[in-house]
Amino acid sequence: MDIDKIIELIFNIAPALVVGAIAYYFFKMHTDNENSRRRFLLQKDLQKETFPLRLQAYERMALFLERISPSKLLTRVNPTSSNKEDYEALLIATIEQEYEHNLSQQIYVSDQCWSITQAAKNATIQLIRKATMKEQTDTANKLREVVLTELMDKPAPSNAALAFIKEEVSEMW
């Protein structure tokens, strides 16, 4: 008789357990869905605020690359003396100063974009240093001439980085 009562008790409790499990499952799905919705809305609001900042960072990176482009750099920064080493140091200092001014922008651009921008900066500095080491370069004006002549054969290092930035910004839309 005890077994009959136990079986009867199990039959009476089983529907309540099934209903409880289903209620728990639906309640859990509902709370997970609400959390996802809240997270999405929060992210959407944050994107409204960060999108202009990211776009501004890409603009500043483009401006940086334009400013360190050797053809524009050489016309903007005039030599203070005829010494090629002094002019080389002035050009490199100008590039480094521009770079340091834009360091904070790395937060808003992709890692790949930042790496390419750094590579363009370093390649530009290397281009200037190589031109200074050439034997035909004996004055600051000759250094300008040699760098500009080299740019006729190949594009400026900043051109590739600028193309990458344009492509990355076009993907943001």
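Q: What makes Val147 count as in contact with residues beyond its neighbours within four places in sequence?
A: Contact means heavy atoms within 4.5 Å, and by that test Val147 touches Pro70, Leu74, Leu127, Ile128 and Ala131, with neighbours within four places in sequence left aside. A word on ground rules: this is a predicted model, where local features need pLDDT of at least 70 and side-chain atom pairs pLDDT 80 or more, while totals for chains, interfaces and linings use all residues. Residues are numbered from 1 along each chain as its sequence is written, and side-chain values use heavy atoms, leaving out hydrogens and water.

Q: Which residues touch the most other members of the largest nonpolar core?
A: Val147 is one of them, along with Tyr58, Leu65, Tyr87, Leu91, Val109 and Ile165, in a core of 35 residues. A nonpolar core is a set of buried Ala, Val, Leu, Ile, Met, Phe, Trp, Tyr and Cys residues joined through side-chain atoms within 4.5 Å. Two or more residues come from each of α1, α2 (70-76), α3, α4 (111-133), α5 (140-153) and α6 (157-170). Those helices are DSSP runs (H or I, at least four residues), numbered from the N terminus.

Q: Why is Thr94 called buried?
A: Buried means under 20% relative accessible area, exposed over 50%, and partly exposed in between (1.4 Å probe, protein chains only). Thr94 has 14%, so buried it is. Thr94 sits in helix α3 (residues 84-101) and is in contact with Leu73, Arg76 and Val77, again leaving aside neighbours within four places in sequence.

Q: And why does Lys166 count as exposed?
A: Its relative accessible area is 58%, so Lys166 is exposed. Lys166 belongs to helix α6.

Q: How do you know that Arg67 and Glu98 meet in a salt bridge?
A: The term asks for a side-chain nitrogen of Lys or Arg within 4 Å of a carboxyl oxygen of Asp or Glu. For Arg67 and Glu98 the N to O distance is 2.6 Å, and the pair qualifies. Arg67 lies in helix α1 and Glu98 in helix α3, so the pair ties together parts 31 residues apart in sequence. At 13%, Glu98 is buried, whereas Arg67, at 30%, is partly exposed.
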